[in-house]
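Please open the structure in your viewer and keep the selection tool at hand. The tour moves from one selection to the next.

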Amino acid sequence: MGTSDDDAEEGWALVERARAGDREAFGDLFQRHYAAVFRVARSRLPHALAEDATAETFARAWAALPRYKRTAAPFVAWLYGIARNVANDAVRRSRRADSQADLEDRAHDPWVGHAEQQALADALATLPEEQRQVIELKYLLGLTNDEVGAALGKKPGAVNAQQWRALRALQRELGR
């Protein structure tokens, strides 16, 4: 799901306008990338918490945007890093707040009722960090091997190898 050169340049133009303080341009970036950022958060969190994490991701991105530097990686890869950190923070807070009484309340959580989603989230959590990042960038954000490589500082062949190992590990884990 790579982007054409025209789309990429239009995206960079939006980023530059947003960096200069243009809220409308940032709103366009928000609309372009909301679904991908939400998928990253949702892969780790229940729906309501994922919505909060997505909002927090864009709030942090807006605050950090003046310091953002264009690289070979697409802008969404930078958002991905923020989204991962926000989601990981939410998971840590959630674990600290969970008590036995809270576990009963979670029976009404839509996340709990989706055994396949939970199994996939659990299986993803077993992957080494590099493999998990490759899977998330490729399948949650839809980046190409070249874009994933640019985001992670790896060659596309190395990305492909990590993807292959990750998919085999997921297959083994989900087969249990």
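This is a predicted model: local features need pLDDT of at least 70, side-chain atom pairs count only at pLDDT 80 or more; totals for chains, interfaces and linings use all residues.

Residues are numbered from 1 along each chain as its sequence is written, and side-chain values use heavy atoms, with hydrogens and water left out.

Select Phe 30 and Tyr 34 to begin, both of which lie in helix H2 (residues 23-42), 4 residues apart, about one turn of the helix; helices here are DSSP runs of H or I with at least four residues, numbered from the N terminus. Their ring centres are 5.3 Å apart and their planes stand at 50°, so the pair is tilted (rings of Phe, Tyr and Trp, the last by its six-membered ring, pair if their centres lie within 6.5 Å, with planes under 30 degrees apart stacked, over 60 edge-to-face and the rest tilted).

Phe 75 is buried, at 7% relative accessible area, whereas Trp 78 is partly exposed at 23% (buried means under 20%, exposed over 50% and partly exposed in between, with a 1.4 Å probe and protein chains only).

Finally, select Gln 133, Val 134, Leu 137 and Lys 138 in H7, which meet Asn 145, Val 148, Ala 151 and Leu 152 in H8, where contact means heavy atoms within 4.5 Å.

Methods. Helices (H or I, at least four residues) and strands (E, at least two) are DSSP runs, numbered from the N terminus.
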